Structures are given as structure tokens and as C-alpha cells.
Amino acid sequence: MPVLNRIADYAEDMKVWRQWLHRHPEIGFDCHGTAAFVAERLREFGVDEIHEGIARSGVVAIINGTGEGPTIGLRADMDALPMQEQTGLPYASEVEGRMHACGHDGHTTMLLGAARYLAETRRFKGRVALVFQPAEEDGGGAGIMVEEGVLNRFGIKEIYAIHSAPGTRLGEFYTTPGPIMAAVDDFSIHIKGKGGHAAMPHETVDPIMAAVGIVQALQTIPSRNHYALQDLVLSVTQIHAGSANNVVPEGAFINGTVRTFDKDVQDMVIRRMHEVVAGQAAAFGVTAELDYHKEYPATINDPAKTDFAADVAEEVAGQGRVDRNAGREMGAEDFAYFLEQCAGAYLFIGNGDSAGLHHPEYNFNDEAAPLGASFFATLVERALPLGS
Ligand code: NI
């Protein structure tokens, strides 16, 4: 029983919605056109409540079931990325320099598909809160929704989300109990030396030597200060300095990212980075200032809810098509903010053999949409069964 029959009936409608969303990508918190499209569909479906303007352009809709019961949250992200699409599709982005390269057009569509089915059939007790959030890619829209009290206001006690997974076969799901996505931090280092003529380096204080020293020394944090069986990534991703072959520049700039799961590891990295930067600066006679920012926390799946969600995924996808212990990844996801406050699970849904996420040729697979919508709908019917 792969897809709910009623949902299969409007697979074509879902394709139309998804391709409209794909043509009109929006960025960050400014997902107003997307939110308006979502609210319009939800009104057509006859949901019971629509709350707009949460976290600027987020939407929460409520569907009441048949009889009293708790509220279950289902979440989709709506935002796109600031990059140029190269798919050549007839419904490619109509906005220069913006595209849906992470499948959030598909996530929004899958949740809309579930909303239509649930509003029509209402074969569950309690109620469903459909959470459409902006700013997943940058800005932490989920965190702002939590700060604005979405979970308490709507009494959400458990919450679920799915994400498109290129390279995983269509119709397959995977997840993992406990930590699934890493905490992401970023840092920048401003180095100030003394510029001058490159033929007279003794009259300068070379910030490039200091930058190279700092970058090399930072790599000793994962390799020498850290217990090898715990996850840690420290990547320097930019070094900028200089403007000519015969000038020692005045300063240099470094930045990068740190990924962790464990707070003690994160604290150790922050402490050692300050020590390494200060020590290297002293060694090279420059001043160096480290700015370190904690961004999204780690995404931690509740083991029992993950097991339950994996059972539902198996009911939709079929035996042997759900990897329920796929392991964690060093990528990050702001759904973490919801899971910090209430139990739930985050799963991936196969997109087939497509370009990777955040690639200019990536495209959400429309054939995945009825599966994802069936997953959400079945999850509600199993979590809040009638007559229980
Ligand atoms: Ni994404």
C-alpha cells in the first residue's frame, strides 16, 4: 500500500503547486508570496484556522479531527537559496539569482497535500497544526517561531518533518534515533599586521604568515585536542589578504565553520580556538580577533517518536524501504529548535538519482510528493487514532 489512494488522485494538483512554487523562489524571512499561496490553498481545503505572519512570513494552520485529543505538529520549510538555477526546466526559477535548490518547494507541497487529505477525511482525533516556516537556510526561522510561542500557543506536543534526499531511491526513507544533524557554528578572524614593501619585509609585520600559521594550528584542535570517536569538523573556508605581488598587506581575514553534536566538544573548540588564535598572533607579532557565533543547535530525534515515524514510513513505502538507523550527518537543520522543545522526528525521503542539495541542477522529484503527503497523513491517523 504505497500511497493513499485519495492522495494519488491529486498528484497532478501537487505537481502544479510544486512547479508554481519552484518558479517563484523567495529567500529568508521574506516568503510572503509563498505564504500567500499556501494560505490560499489551505482556505480552499477548508482547514479550521489559518494564522499568518508568524516569524514574519510563517503560516500555522489548524485542522480539527473528530473528537478530543492532543495536537500534533507537522512542519515544512518554504525558503529558497540565493543562487542561479541551471536546470533548464520549463518551470525554472523566474527570479534571477534565486532558486529552490534544497527541495523546500517540495516540502511545502507535501504538507499541503497532507492538509488537503486531512481536512477532507478527518479520520483522527485531536488536531493537527501545520507549520510552514520561512528562513530555514539562513536566519533560523524555526527558532523565531519557537520564540514567538508557536508550540505553546497551539499546544503542539510532538512534531515531525521530512527532507528531500538526492541519491536515495524514490519511495525510500531514512532516519536515525537520537542526534541526526550537527550543531553549526561559524567564526571569523581579523588579523592586523603592518603593511609595506614586499622587498623590505623586515619593515613589515606580515599578516599572511600569521594567517597561514593560524589556519594550520586550528587543524590541531580536531586532530590533537579532541577524542577521535566523537564527531567534530572544523573547516576554514575563506582567507583573504593582499592586492599586489610587491605589497605586504596590512591585514588578513579568515572564516569558516565548526560542526559538533556534543556541548562539551563545542566548548572545548571555542576555548582552544581563542588560545590558538592568541598564541599564533603573539608568535607572529600581529593582533588577531576571533568572532565565534553559535548558530543552529544539533537536531536530536526522540528515539520513540523516530521508531513510530519509521513504522509509518514503512507502512507507506513498504517493507525494507526504510532505513531506521542510517546514522548522523554533519549538515545542520533549524528544525533542531522545535526538537529542543518537544519530542519528534526528522526523516529523509528519497529524491532518486538527482543532483545534490544546493546544486544549481537540483530539482525536487514530483513523484516523491504523494509519498511524503501520504507519510504525513498516515502519521496523523496512527498517532491520533479514532476510537482510542
Ligand atoms: Ni533544506
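The exercises below work through a predicted protein model, each with a solution in steps.

In this predicted model, local features need pLDDT of at least 70 and side-chain atom pairs count only at pLDDT 80 or more, while totals for chains, interfaces and linings use all residues. Residues are numbered from 1 along each chain as its sequence is written, and side-chain values use heavy atoms, with hydrogens and water left out.

**Exercise 1. The chain as a whole**

Task: Describe the extent, the secondary structure and the burial of the protein chain.

Solution. Begin with the extent: along its principal axes, the C-alpha trace of the protein chain spans about 80 × 45 × 40 Å. Next, turn to the secondary structure, where the chain has 12 helices and 16 strands; these are DSSP runs numbered from the N terminus, helices being H or I with at least four residues and strands being E with at least two. Then consider burial, for which 54% of the 388 residues count as buried; buried means under 20% relative accessible area, exposed means over 50%, and partly exposed lies in between (1.4 Å probe, protein chains only). Finally, look at contacts (heavy atoms within 4.5 Å): of those with a separation of 6 or more, 82% are between residues 24 or more positions apart.

**Exercise 2. The nickel ion**

Task: Find which residues are the protein donors of the nickel ion, and how they are spaced in sequence.

Solution. First recall that donors are N, O and S atoms within 2.8 Å of the metal (3.2 Å for Na, K and Ca), and that sites may look incomplete because water is not among the atoms. The protein donors are then Cys102 through SG, His104 through NE2 and His163 through NE2, at 2.2 to 2.3 Å from the nickel ion. Along the sequence, the donor residues follow the spacing C-x1-H-x58-H.

**Exercise 3. Other salt bridges**

Task: Describe the pair Asp77 and Arg75, and then the pair Arg324 and Glu314.

Solution. In the salt bridge of Asp77 with Arg75, the closest N and O atoms are 3.7 Å apart. Asp77 is buried, with a relative accessible area of 0%, and Arg75 is buried at 2%. Widening the view, Arg75, Asp77, Glu333 and Asp334 are linked in a network of salt bridges.

For the second pair, the side chains of Arg324 and Glu314 meet in a salt bridge at 3.9 Å, N to O. Arg324 lies in the loop between strand E15 (322–323) and helix H11 (336–341), whereas Glu314 lies in helix H10 (residues 303–317), so the pair ties together parts that are 10 residues apart in sequence. Arg324 counts as partly exposed, at 26% relative accessibility.

Technical notes. Salt bridge = Lys/Arg side-chain N within 4 Å of Asp/Glu carboxyl O.
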